Amino acid sequence: MQKDFLTHNQQMKRLRDSKKIVCSGSIDKEILCRTGYFNLINGYKQPFVASMDENGNHIYYRGTSIREIYALKQFDDNLRSILLKQITKVEEEIRALAAYKFDEVNDNGKIAWFQIEAYDAQRDAATIMKVISSTYHDVELSKQEYVQYYLKHHKFIPTWIMVKVISFSNFINFLNCSKDKVKKSICTIYGIIDNDDRCDFELLIGSLHWLRTIRNVCAHNERVYTVKHKGGRIKTKYMDMLAPSYLNDRDKRVIDLLVFMKYFTPHNEYQRFISDVEKTIEKLQREIRRAAFDKVRAELGIKDMNHLKKLCENKKVINYNKLSTL
């Protein structure tokens, strides 16, 4: 059945009477006006639910206020902004590095990205052709002036432009089907190495897919603190250094992104990034009750707040100058 329209005053009364959520006055009404009932209450109520009654209705912690729920939404908005900013920086960088190495490996660009010979010979031709087709489709759809210029004056798009305009998903597939020397160069620069000192292609591609997933969540303004992928965790040496309990959780969460970013981010920049994440979490901790905060922390996949500092302990050096020698 269609639900009845409720004015903002009626929404506030419903929160007070039916849900026992503290909500009164002009400030609380302004919160509802600016965020919308569904976006705020349905989107961020869960950490404040203490139990369920016999009819399946939520029972909230005594004294839960709309301002607490709004504080959680503001936290999620801030976290989304921090993550998106850093992910897009990494994305731009790795696209550029991959394009350079791709051309270098392919006879300094004489073998073009739209030729099947430019890719891993161990891959079946159908897979490679699908990657080329998807890539070409993205290029054709691009309205960027520089793309149109190259199409008009040169009749083809060079690799460094192609990787800039294709979707992140297609770029990852492009990288995955590239020759091993391309992937090995990227892994070596970023230290994506397994326990046997071999380049870890699974970690490279898997981590980029998780960056892509969270980037898309952020770009579409969806709730990010709860994002997860069931059974998709990839073991890394940086996760192992935090605590043995992380090995018990098989789902990828925000903590996995923070770990992956250590591979792709210079140390000083990574410290600032983690500090920004830590500050926004600590701000939330001051603004909402302990029981609700612990649920939020658990959704992020963080076992202990001190683990964020631990991620910054070991300095990691990225030597970009090695790219041409690999």
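**View 1. α4 and α8 cross in a left-handed manner.** Left-handed here means that the near helix is turned anticlockwise from the far one by less than a right angle. Welcome to a predicted model, in which local features need pLDDT of at least 70 and side-chain atom pairs count only at pLDDT 80 or more, while totals for chains, interfaces and linings use all residues. Residues are numbered from 1 along each chain as its sequence is written, and side-chain values use heavy atoms, without hydrogens or water. Helix α8 (residues 168-177) packs against α4 at an angle of about 35 degrees, and the two axes are 11 Å apart. The axes are lines fitted to C-alpha atoms over the stretch in contact, with angles running from 0 to 180 degrees between N-to-C directions. Helices are DSSP runs (H or I, at least four residues), numbered from the N terminus.

**View 2. Here are the residues where α4 meets α8.** From α4 come Glu91, Ile94, Arg95, Ala98 and Phe102, and from α8 come Phe168, Phe171, Phe174 and Leu175. Contact means heavy atoms within 4.5 Å. By class, this contact has seven nonpolar, no polar and two charged residues.

**View 3. Lys183 is a buried lysine in helix α9 (residues 180-190).** Its relative accessible area is 2%, where buried means under 20% and exposed over 50%, with partly exposed in between (1.4 Å probe, protein chains only). Not counting residues up to four places away in sequence, Lys183 touches Leu175, Asn176, Cys177, Ser178, Phe201 and Leu204. The Lys183 side chain reaches the backbone oxygen of Ser178 at 2.5 Å.

**View 4. Gln11, Met12 and Leu15 are the buried residues of α1.** They lie on the same side of α1, because they cover an arc of only 100 degrees around the axis. The arc is taken from the directions from the helix axis to the C-beta atoms. Among the elements covering these buried residues are α2, α3 (37-44) and α4.

**View 5. Lys20 and Asn108 each have a positive phi.** Most residues other than glycine have a negative phi. Look for Lys20 in the loop between α1 (8-17) and α2 (25-35), with phi near 60 degrees. Lys20 is exposed, at a relative accessible area of 58%. Asn108 sits in the loop between α4 (66-105) and α5 (125-141), and its phi is about 55 degrees. Asn108 also counts as exposed, at 63% relative accessibility.

Notes:
Helices (H or I, at least four residues) and strands (E, at least two) are DSSP runs, numbered from the N terminus. A polar contact is a pair of N or O atoms within 3.5 Å; within protein, one must be able to donate a hydrogen and the other to accept it, and residues adjacent in sequence count only if both atoms are side-chain atoms. Ala, Val, Leu, Ile, Met, Phe, Trp, Tyr, Cys and Pro count as nonpolar, Asp, Glu, Lys and Arg as charged, and the others, Gly among them, as polar.
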